[in-house]
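Me: I would like to go through this structure step by step. Could you have a look and help me read it?

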Amino acid sequence: MKRFVLGLFCALLIAGPVAAVLPEEQLADPVLEARARAISQELRCVVCQNQSIDDSDAPLAADLRAIVRERLSAGDTDAEVMAYIVDRYGNFVLLKPPLDLETILLWSAPLLVLIPGGLGLALYLRRRSRAGGADPAPLSAEERRALADILKTGDAP
Amino acid sequence: MRRLAFIVPIVLFLMVAAALGLGLRRDPSILPSMLIDRPIPTFDLPGLTPEDTVGLASSDFTGKPVLLNVFASWCVACVIEHPMLLRLQSQGVTIHGLDWKDEPADGAAWLAQRGNPYTLIGSDPRGRTGIDFGVTGAPETFVIDGHGRVRYRHVGPITPEVWTETLQPMLARLDNET
């Protein structure tokens, strides 16, 4: 049983991500096929939305993969193929959405968080170092005596 | 200053929470149609059986506003929607059908069993016309005006509410336009 579980675990380790592209879908020309794969990985499957059409088993994803390959075989550039799909399904199918009015908030969100956060942190650190940087008050006579005691006996009074 | 440092994060948090809360109420599977107010894609599809001499073509969408309903024999929700389509047909609404990603014979048998609410039907076994329309699944219904432009897209079955609240007023308005 232990061995079986261990074997299963090892099998999981060697199993890489598997694309849904079937052999009969692939183009004979390896260069075109590589371009098709790259484009498919950038396009979202509209049925199961968090997968690319390269990963998805949905029938509609298979159709879109076929269209990508058809357009490439017809001589379209990568951008033209993307535009063909975006024309039908919108920017939503792009897993990397372009920067436009609708996505400006999405793209600027890291800056919007980092800049005020960084400023706040800088302000805080400066204030703290200023407070801590001033010379501490000198020891009182009693404190000095206590310190001498500790140093002599190695023991707190 | 002290108090501001306290209030600002709370206000920010509430704003983000409100935005995310609104986002939860939206159905992410419904994508906006790219075709709204644009002409329908060009197509010319055959009918379901070899005896059907007329199919459905983009040139059929001129004159008066109609509905284009995307259906298929494999589509479960279409079975639910079907009685509603028959009712609309009996009220005089023109509905054209697109049998999407379906064997035409299966689509014909499906309609023979349940009744045919469609005026014209196009068979799209490879699904390309549906993809040109940006269809993501069946059933889907497009409102197409008398100039052959898409004015609205409904994803999912037409329920009585969708009909009375959205589609019917829209068709009435488009009827007045033409």
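Me: Which residues have the most contacts inside the largest nonpolar core, and how many residues does that core have?
Reply: This is a predicted model. Its largest nonpolar core has 35 residues, and B:A138 and B:I144 are those with the most contacts inside it.

Me: Which elements give two or more residues to this core?
Reply: In chain B, the strands β3 (66–71), β4 (95–100) and β6 (140–144) do so, together with the helices α2 (76–90) and α5 (160–177). The largest share comes from β3(B), which supplies five residues.

Me: What does B:I144 touch, leaving out residues up to four places away in sequence?
Reply: B:I144 touches B:I40, B:F61, B:P65, B:V66 and B:L68, and also B:R149, B:V150 and B:R151.

Me: How many residues are in the other core, the one that lies apart?
Reply: That other core has 15 residues, among them A:A36, A:I39, A:I53 and A:V81.

Me: Let us stay with chain A, then. How many helices and strands does it have?
Reply: Chain A has six helices and zero strands. Read from the N terminus, the order of its elements is α-α-α-α-α-α. Of its 157 residues, 15% are buried.

Me: Which residues of α3(A) are buried, and what covers them?
Reply: The buried residues of α3(A) are A:L60, A:A61, A:L64, A:R65, A:V68, A:R69, A:R71 and A:L72. Their cover includes two helices of chain A, α2 (30–42) and α4 (78–89).

Me: And which residue with a positive phi follows α3(A)?
Reply: α3(A) is followed by A:G75, and the phi of A:G75 is positive, near 100°.

Me: Changing topic: how many residues does each chain bring to the contact between them?
Reply: Twelve residues come from chain A and eleven residues from chain B. On the side of chain A that touches chain B, α3 and α4 of chain A each supply at least two residues. The largest share of that side, four residues, comes from α3(A). By class, the side of chain A that touches chain B has seven nonpolar, two polar and three charged residues.

Me: Back to chain B. How many helices and strands are there, and is the chain compact or spread out?
Reply: Chain B has five helices and seven strands. Chain B is more spread out than a compact globule, because its radius of gyration is 21 Å, well over the 16 Å that the globule rule gives for 178 residues. Along the principal axes, the C-alpha atoms of chain B fill a box of roughly 80 × 35 × 30 Å. Of the 178 residues of chain B, 37% count as buried.

Me: How far apart are B:P50 and B:P104 in sequence and in space?
Reply: B:P50 and B:P104 are 54 residues apart in sequence, while their C-alpha atoms are 9.5 Å apart in space.

How values were computed. Residues numbered from 1 in each chain as written. Chains lettered and ligands numbered in written order. Predicted model: local features only at pLDDT ≥ 70, side-chain atom pairs only at ≥ 80, totals over all residues. Buried ≥ 20, exposed ≤ 12 C-beta atoms within 10 Å, placed from the backbone. Contact = placed C-beta atoms within 7 Å. Rg over C-alpha atoms; globule rule 2.2 N^0.38 Å. Nonpolar A, V, L, I, M, F, W, Y, C, P; charged D, E, K, R; others polar. Core = buried A, V, L, I, M, F, W, Y, C linked by C-beta atoms within 7 Å.
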